[in-house]
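Q: Please take a close look at a single part of this structure and describe its surroundings with care.

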Amino acid sequence: LKATRSYENPVYHGLDEALSIEGVDVRVFGKPIATKGRRMAVCLATATTLDVALGKAIKARDCLSMSDG
């Protein structure tokens, strides 16, 4: 998850939805300030094939968003 703009004390939304996908884990880095383009979290996924895992990770990423805290 990359910041689309600057945030002070970013709040993450959609974590429950992302984590409900089987085989998905989300790692939030906990940075106190986000600037545009800064990587703030990653979605990791496991599956029987690389393509399926990648699809799960992308789906989880699409569940996530940020707002100012």
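Leaving aside its neighbours within four places in sequence, which residues is Lys 56 in contact with?

A: In this predicted model, Lys 56 is in contact with Ile 21, Glu 22, Val 24, Ala 45, Thr 46 and Ala 47, once its neighbours within four places in sequence are left aside. Lys 56 is found in helix H2, which covers residues 50-63, and although Lys 56 is buried, it has no salt bridge, the nearest side chain of opposite charge being that of Glu 22, 5.4 Å away; a salt bridge would need a side-chain nitrogen within 4 Å of a carboxyl oxygen.

Together with Lys 56, the buried residues of H2 are Ala 53, Ala 57, Ala 60 and Cys 63. Seen down the helix axis, these buried residues fall within an arc of 115 degrees, so they line one face of H2. They pack against strand E2 (11-13), helix H1 (15-19), strand E3 (24-28), strand E5 (41-45) and strand E6 (65-67), whereas the face turned away from the buried side carries the exposed residues Leu 50, Asp 51, Lys 59 and Asp 62.

As for Cys 63, this residue is buried, with a relative accessible area of 15%, and a search of the whole structure finds zero disulfides. The closest cysteine sulfur to that of Cys 63 belongs to Cys 43 and is 8.1 Å away, too far for a bond. Cys 43 also counts as buried, at 18% relative accessibility.

Notes
Residues numbered from 1 in each chain as written. Predicted model: local features only at pLDDT ≥ 70, side-chain atom pairs only at ≥ 80, totals over all residues. Heavy atoms only, no water. Helix = DSSP H or I, 4+ residues; strand = E, 2+ residues; numbered from the N terminus. Buried < 20%, exposed > 50% of the residue type's maximum accessible area, 1.4 Å probe, protein only. Lys, Arg positive; Asp, Glu negative; His and termini not counted. Contact = heavy atoms within 4.5 Å. Disulfide = S-S within 2.5 Å. Arc of directions from axis to C-beta.
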